[in-house]
Amino acid sequence: MQTILTGVRANEEPTIGNFLGAYKSMVNLANEHSANSNINMFVPDLHSFTTPIDHSKLYAQVIKGIKYYIAAGLDANNPNIHIYRQSHVPAHSELAWILDCFTYFGEASRMTQFKEKSEEHADAITVGLFNYPILMAADILLYDAKYIPLGEDQFQHLELTRDIATRLNNKFGEDLFTIPAPEKEQVKFMHLEHGLRIRNLVDPSKKMSKSSENEKTKISLSDDPKAAAKKIMSATTDSEGVIRFDMINQPGISNLLTIEALLTDRNIQDVIADWAGQTSYGDLKRKVADTVEHFLADFQEKVANITDEQVEQVLAKGEEYANRVANAKLAKVQKAVGLIK
Ligand code: ATP
Ligand code: MG
């Protein structure tokens, strides 16, 4: 049975970028494939403090992250859907160390996200921040996951995972790890034309990020729906004066069209056609603001109805499964590298 796997780091409140790039892609794939695939959705809580966070809030944030997965539409009662915390499956950390020793400093240094994030957090560039793509490789390889629904920003890390896995397979045998599918195949599997990158509302040349300190740049899943609608109304656009889908010259407008299509489950081309040639940015903003407001109100109501007890049950089942699969793979690797007989 093939495995589809993804996770969203629990450091800050997730945004609609995370929702659309990771949660929703995963829920769509679960609906399509859960009869004959493992659907692994985990909270990468060990990744949470590669950049500074408020540790007193972490545990609650992780539990909330699990509620978000369920509220987004993952059916935790489905026997093929597994929801778990990375830190509760120790094999992730153990495999990460082994993979570290087969990853070259030069190739890890090329990760653009490390470069960007070290600029943002110049006072606290930790080894953990540098190392996290290799822990991410362990997260994927432990479960032989072939498809990893991710936003566009994570494709470079996926490519690194493929390189590390191929290197170990060449050295220790082709059946050690399943190599995740390349970017093009991933995008096709998600029924997309290209990787998703929801834009920053203030500077649409950048992606929306949950760790951004400027609240106006992002819509968080816990935002007051009315306040979120206001952020859409004041999103940066351009002075072209005509609604067109053009990510290069009109990234702000194109971003609004994308958000509208994805949140209303409509084909992006249909939404573009509806607005083609219209000149009122205000009308488009009002429509998207309304969509975002309704989406958040509905989503937050679903989250509020999920109890901590439900989360505990889901995790008990998911973590039993994850430890079983991950420990078996770890033992195989330990044997390959000569640690056990
Ligand atoms: P941070 O700023 O803390 O890195 P982030 O918003 O980039 O937060 P991650 O936890 O790094 O979120 O990523 C979780 C998932 O969400 C990944 O699959 C990532 O590709 C996806 N994702 C993040 N930002 C976007 C975005 N703007 N558009 C689409 N997908 C996104
Ligand atoms: Mg990120």
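Two strands pair if DSSP finds at least two bridges between them; strands (E, at least two residues) and helices (H or I, at least four residues) are DSSP runs, numbered from the N terminus. This is a predicted model, in which local features need pLDDT of at least 70, side-chain atom pairs count only at pLDDT 80 or more, and totals for chains, interfaces and linings use all residues. Residues are numbered from 1 along each chain as its sequence is written.

**View 1. Strand 2 and its pairing with strand 3 (residues 81-85).** Strand 2 and strand 3 pair in the parallel sense over 5 bridges. Phe 42 has Tyr 84 of strand 3 as its bridge partner. Between strand 2 and strand 3 the chain passes through helix 2 (residues 58-71) in a right-handed β-α-β crossover (with the strands pointing away from the viewer, the path from the first strand over the helix to the second runs clockwise).

**View 2. Strand 2 and its pairing with strand 1 (residues 2-7).** These strands are parallel, with 6 bridges. Thr 6 lies opposite Met 41 in strand 2. The chain goes from strand 1 to strand 2 by way of helix 1 (residues 16-33), and this β-α-β crossover is also right-handed.

**View 3. The two faces of strand 2 (residues 37-43).** In a regular strand the side chains alternate between the two faces of the sheet. Ser 37, Ile 39, Met 41 and Val 43 on one side of strand 2, and Asn 38, Asn 40 and Phe 42 on the other, are all buried (under 20% relative accessible area, 1.4 Å probe, protein chains only). Because 7 of its 7 residues are buried, strand 2 is largely enclosed by the rest of the structure.

Definitions and conventions
Chains lettered and ligands numbered in written order. Heavy atoms only, no water. Buried < 20%, exposed > 50% of the residue type's maximum accessible area, 1.4 Å probe, protein only.
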